[in-house]
Amino acid sequence: MSQHFKPAHSKFKQQKLRTNKLILSGKNISITFLVVGVLFLIFGSTILGTSNGVIEIIKQYDTKCEIGKDCSIEIKPTKTMKAPIYLYYELTNLHQNHRRYLKSKNNDQLKGEEVTYDDVSKCNPVISLDKKENDKDIYQPCGLIPWSKFNDTFFIKDSNDDDIGFTSKGIAWQTDIDGKFKNPKEAIDPDSPTTIQSDFTDENFIVWMRPAAFPKFRKLFSILKKGSLEKDKVYTVQIQNNYPVKSFEGTKKIVLTTISWVGGKNSFLGLLYIIVSSFLLISGGAILVKHLLRGREFGDTKYLKW
């Protein structure tokens, strides 16, 4: 080989770097399992305890309120809930992950750009009023996702009938607000028969436009950024009940919750850590007992088969 193609004489290029190989003895394996098992037990217990400390109130209201009418329900926290407090609505049996549903929108239209009838074919079957092939009759915005938007509203008041101060400002992803939703240059007439949503930058609308992965899901409606809901104090949730769910055998609930450093109330991750920890501790203990009672000398050739 010529000098031009000869690799440099270094430990890296000549593959002479130092290496270490773990010797998998019974002692090493059992200690590793036990140490990792203890760490997982600590992590799991901490996460589970933190999650159980989250205060959550869930109320189903579709069975108590008639469609098209206002109603109210009472909530009574068993513990004081300190801000920030998050108000979600929960829907069941609504498959937002269906492929046809996911595709039924026009991103350019949602960015406030002018579109023609030919541009919005993906919005089928909700394209235009009375299916007219006319640019002026295109729904604002078109598509199944905007057309099926959640339109119930919630107002929480205290015993003095004063509004608590929940706001929808800050509930949507900032990337969606900045780059995906803009109002058209020409103002949309809210009373027009083609209008589905007059304000594309409304954060409740933006939250709805991000489809859920499962048929049971929660979407954020508003946040209480200051104040608290006091223990054993009765609050009234006034509801404008507009969204029908009987057609797809669904249910509607409101969820009031605080959060922790691990998020909302969810014991799955903590329990998973504890289950894996139990497996590691039992396995590590069994291997250690086997090693102590019937261990074998490392490198014993009588166990080799030639």
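This is a predicted model: local features need pLDDT of at least 70, side-chain atom pairs count only at pLDDT 80 or more; totals for chains, interfaces and linings use all residues.
Residues are numbered from 1 along each chain as its sequence is written, and side-chain values use heavy atoms, without hydrogens and water. Local features need pLDDT of at least 70 and side-chain atom pairs count only at pLDDT 80 or more, while totals for chains, interfaces and linings use all residues.

**View 1. Helices α1 and α7 in contact.** Helix α1 (residues 26–52) packs against helix α7 (residues 268–294) at an angle of about 155°, and their axes are 7 Å apart. Helices here are DSSP runs of H or I with at least four residues, numbered from the N terminus; axes are lines fitted to C-alpha atoms over the stretch in contact, with angles from 0 to 180 degrees between N-to-C directions. α1 is therefore roughly antiparallel to α7 (an angle over 145 degrees). The contact of α1 with α7 comprises 19 nonpolar residues, 11 polar and one charged. Asp, Glu, Lys and Arg count as charged; Ala, Val, Leu, Ile, Met, Phe, Trp, Tyr, Cys and Pro as nonpolar; the others, Gly among them, as polar.

**View 2. An open sheet of three strands.** The strand order is β2-β8-β5, with antiparallel pairing. Strands are DSSP runs of E with at least two residues, and two strands pair if DSSP finds at least two bridges between them. β2 (69–75) and β5 (153–157) are the edge strands, each pairing on one side only. Neighbouring strands are turned by 20° against each other on average, direction ignored.

**View 3. Pairing of β2 with β8.** Seven bridges join β2 to strand β8 (residues 235–241) in the antiparallel sense. Gln238 in β8 stands opposite Ser72.

Methods
Angles under 35 degrees count as roughly parallel, over 145 as roughly antiparallel, 65 to 115 as roughly perpendicular and the rest as oblique.
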